[in-house]
Amino acid sequence: MDAEDFRQIRNAVRTLVREVVVPLEERIEDEDRIPDELRERTAEMGLFGYALPEEYGGLGVSMAEDVELAFEFGYTTPAFRSLFGTNNGIAGQVIAKFGSEEQKKAYLPRLASGELIGSFALTEAEAGSDPAGLRTTARRDGTDWVLDGAKRYITNAPLADLFVVFARSDPEQRGGRGISSFVVDARTPGVTVGPHDKKMGQAGAWTAEVFFDDARVPADALVGEEGRGYAKALTVLSRGRLHIAALCVGMAQRVLDESVAYAATAKQGGAPIGRFQLVQAHLADIHAELLAGRAMVRDVAARYDTGEDTSIGPSSAKLFCTENGRPRRRPCGAGARRPRLPPHHTGRALLPRRPALPALRGHQRGAAGDHRRRAAA
Ligand SMILES: Cc1cc2nc3c(=O)[nH]c(=O)nc-3n(C[C@H](O)[C@H](O)[C@H](O)COP(=O)(O)OP(=O)(O)OC[C@H]3O[C@@H](n4cnc5c(N)ncnc54)[C@H](O)[C@@H]3O)c2cc1C
């Protein structure tokens, strides 16, 4: 993509995130859903397909461009990115990279426009960190395939129109061998989705269990070569790791901005707490780690695009960037009242996400709103 075109897209995303999504964070948190009007606006901007190929209706960004957008998405609740993340990432990429021409034409334009939501169904109860242990089966019956099994923690499952499902098609094989991938219409008889999970964070981003009970799909639901699905899963998961690392860089930027704004105004002993050296040290740590994380993500993305490293670099970047924002020094005044961080910030930060007592909530919400307005100004 032309650099100027990309700059304009990045700026439009930044404006949308900071002027539209950030003010909606409280609502998204409280209602545990993305408002329909935001979904529509996101679709109009092409965000459901920014990483899908241009010839199928996407924007076709490179990995280096993808991470720049993720820096922007990370500045607000991760529920926002989750809405279109599976279309661009784990689900959409399997079809874009490994699908037949017919599958690409059938699904990618409608995923890119936001007409369809795609989900990636790999994880099972005993196949999480080690997905090669999955037990969902796919058996041939005539020319069809019949799927049986249960998946869990599947992002966007309650909204999904199609699932990219990984199942063992060769029961004789163990580990990563003998696993195939399928595109399954969510309306297929035998496919059911459980209620969305009650998570500890990321309100508005839905995950759920998905069950396949004698779910019959046609032969052309198979994506790519039979028995080679595991390699496909690893390929798209690696890309996703780098994207998540970039997302965390955006979150760290938000944490820094909110923390600086708070330290500049909250007073103790008549002085803003930002004048105290230990508070400054906390902020300096966050800033240094933010710069390191951003540089690392950009470097790894460039190497990903050239094909030099599509595996270890993304894992290292995710490891480093998801750890940012945790306290390196002992927080001062452990019982002291602290500002409420962006509602999506799920732990490990200097400061807690929600006050422990409901009675404090309204009070702190007002204060957090003030910080946000200042941060946005
Ligand atoms: C918000 C969210 C969204 C998700 N979305 C999707 C999705 O869209 N599609 C999908 O397929 N999956 C999804 N997942 C599932 C995710 O990929 C799994 O949660 C992840 O792979 C870990 O698996 P698990 O939760 O079963 O944990 P486990 O693998 O059971 O791990 C539990 C603990 O054991 C440790 N552990 C495991 N193996 C080892 C080992 N060999 N050595 C040392 N320690 C070990 C882990 O580090 C962890 O602390 C999602 C999960 C979350 C939380």
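**Close-up views of a predicted model**

The structure is a predicted model with a mean pLDDT of 88 for the protein, and 86% of its residues reach 70 or more. Over residues 330-377, pLDDT stays under 50. For that stretch the model has 61 contacts beyond four places in sequence.

**View A. Residues of the shell around the ligand.** Phe120, Ala121, Leu122, Thr123, Gly128 and Ser129 are among the residues that surround the ligand. The ligand is also surrounded by Tyr153, Ile154, Thr155, Gln202 and Thr207. Strands β1 (118-121) and β3 (144-155) each contribute at least two residues to this shell. The largest share, 3 residues, comes from β3. By residue type, the shell around the ligand holds 5 nonpolar and 6 polar residues, and no charged ones.

**View B. The largest nonpolar core.** This core has 93 residues, of which Leu147, Phe182, Val184, Leu242 and Val297 touch the most other members. Helix α7 supplies the largest share of the core, 13 residues. Phe182 is in contact with Ala138, Trp145, Leu147, Val165 and Ala167, among others, when its neighbours within four places in sequence are left aside. The contacts of Phe182 on the same terms also include Val217, Ala221, Leu222 and Val223.

**View C. His243 in helix α7.** Helix α7 spans residues 229-265 and contains His243. His243 counts as buried because 28 C-beta neighbours lie inside 10 Å, where the cut-off for a buried residue is 20 or more. Not counting residues up to four places away in sequence, His243 touches Asp66, Val67, Ala70 and Gly89. The C-alpha atoms of His243 and Phe71 are separated by 9.0 Å, although these two residues are 172 residues apart along the chain.

**View D. Asp32 in the loop between α1 and α2.** The loop that holds Asp32 lies between α1 (3-31) and α2 (36-44). Asp32 is not a glycine, yet has a positive phi of about 55 degrees. Most residues other than glycine have a negative phi. Asp32 has 15 C-beta neighbours inside 10 Å and therefore counts as partly exposed.

**View E. Asp214 in strand β7.** Asp214 is found in strand β7, which covers residues 207-217. Asp214 has a positive phi of about 50 degrees and is likewise not a glycine. With 11 C-beta neighbours inside 10 Å, Asp214 counts as exposed, the cut-off for that class being 12 or fewer.

Note on methods
Residues are numbered from 1 along each chain as its sequence is written. This is a predicted model: local features need pLDDT of at least 70, side-chain atom pairs count only at pLDDT 80 or more; totals for chains, interfaces and linings use all residues. A residue is near a molecule or strand if its C-beta atom, placed from the backbone, lies within 6 Å of it. Helices (H or I, at least four residues) and strands (E, at least two) are DSSP runs, numbered from the N terminus. Ala, Val, Leu, Ile, Met, Phe, Trp, Tyr, Cys and Pro count as nonpolar, Asp, Glu, Lys and Arg as charged, and the others, Gly among them, as polar. pLDDT is the predictor's confidence in each residue, from 0 to 100. Two residues are in contact if their C-beta atoms, placed from the backbone, lie within 7 Å. A nonpolar core is a set of buried Ala, Val, Leu, Ile, Met, Phe, Trp, Tyr and Cys residues joined through C-beta atoms within 7 Å.
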